[in-house]
Amino acid sequence: MKKTPHIIILLLSILLGSSPAVKAQQFKFAFLTDLHIHSDSTLHQVAQRLQKLPKSIDFVLSGGDNVDIDNLKPADVPQGEKRLAQLKDLLDKTNKPYHMAIGNHDRLPSSLRHGKNDFQAFEKTFGNTYYSFTHKGCTFIVLNSVEVENNQYSVKSEQLNWLKDLLSKTPQEQPIVVVSHVPFLSVYYPVLEGRYTGADTFQNQKQVFDLFENHNLKLVLQGHMHLYEEIKVKGVQFITAGAVSGNWWHGVFHGTAPGHLEVELSKDNVKWEYIQ
């Protein structure tokens with residue numbers, strides 16, 4: 001039986017101990033971060049933005065701070081959980097797949113954290129706080145960067161070991177996009193206050209970033225700051241994608257209007273636009 005060229009290439013790859021280069025197919029997705037839903041009015045505004053997303057996008061990606069739960073009184077937490085369920089219903093109605101990240105405001109109030117899982121309300125509605133998925137040849141890694149260690153945001157040891165194991169099984173050529181609510185990199189404080197601080201990056205960001213040194217990390221999508229930033233380091237594009245809520249639902253925040261990011265990946269190229 002005559003083998004097709006595709007089978008011959010595959011057999012040669014196996015014999016030579018290598019795999020064909022992995023390239024992402026062309027697709028678009030929407031990245032929405034810092035919704036800060038806290039009322040019926042803010043939920044309605046998020047619904048309007050979701051309704052206006054173009055049909056050309058393949059899925060919706062969250063950057064965290066979806067529903068403000070962390071500042072609620074214990075008696076009001078059920079209302080926060082209800083709003084999480086309402087957001088899930090809105091996302092279901094887009095008829096698009098969606099993938100959620102957790103932010104610091106998605107955690108339980110501090111008064112309820114003692115001996116409990118900070119993330120249980122989010123997990124009840126949306127599932128795991130860190131995970132990966134693959135779409136059209138590209139691997140997406142969604143981190144939980146609001147774990148706390150030594151009073152600082154961190155990617156703790158259990159999650160770090162999960163990430164190491166995932167990357168050990170990921171081909172080096174595989175295009176990767178990472179989502180982190182708290183940034184790896186940001187110039188928020190130097191720009192706004194003229195000083196450098198580690199307060200709004202997670203503390204072991206370099207340790208996590210170094211894990212990708214021999215991998216094809218293309219893009220890191222960040223939230224938390226409500227500013228729009230583009231930083232490119234070592235060939236990796238970092239984008240802090242403003243906020244759907246803008247200045248916490250009070251208009252423009254230091255020049256960044258309320259908005260979301262629309263990203264297009266095609267082979268080795270990444271294009272994006274901040275939609276105000």
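In which hand does H2 pass H3 in a crossing? Hold that thought for a second.

Quick housekeeping: this is a predicted model, so to speak of local features we need pLDDT of at least 70, side-chain atom pairs count only at pLDDT 80 or more, and totals for chains, interfaces and linings use all residues. Residues are numbered from 1 along each chain as its sequence is written, and side-chain values use heavy atoms, leaving out hydrogens and water.

Okay, the helices, meaning DSSP runs of H or I, at least four residues, numbered from the N terminus. H2 covers residues 40–51, and its axis comes within 10 Å of the axis of H3, crossing at roughly 15 degrees. Those axes are lines fitted to C-alpha atoms over the stretch in contact, with angles from 0 to 180 degrees between N-to-C directions. So H2 and H3 are roughly parallel, a label for angles under 35 degrees. And the hand? H2 passes H3 in a right-handed crossing, where the near helix is turned clockwise from the far one by less than a right angle. On the H2 side, the contact (heavy atoms within 4.5 Å) uses Leu43, Val46, Ala47 and Leu50, and H3 brings Gln86, Leu87, Leu90 and Leu91.

Staying in H3, residues 77–93, we find Arg83. Leaving out residues up to four places away in sequence, Arg83 touches Ile37, His38, Ser39 and Val67.

Last one: Phe126 sits in H4, residues 120–126. Phe126 is buried at 16% relative accessible area; the cut-off is under 20%, with a 1.4 Å probe and protein chains only. Not counting residues up to four places away, Phe126 touches Leu84, Leu87, Lys88, Leu91, Tyr98 and Met100.

Technical notes
Helix = DSSP H or I, 4+ residues; strand = E, 2+ residues; numbered from the N terminus. Parallel < 35°, antiparallel > 145°, perpendicular 65-115°, else oblique. Buried < 20%, exposed > 50% of the residue type's maximum accessible area, 1.4 Å probe, protein only.
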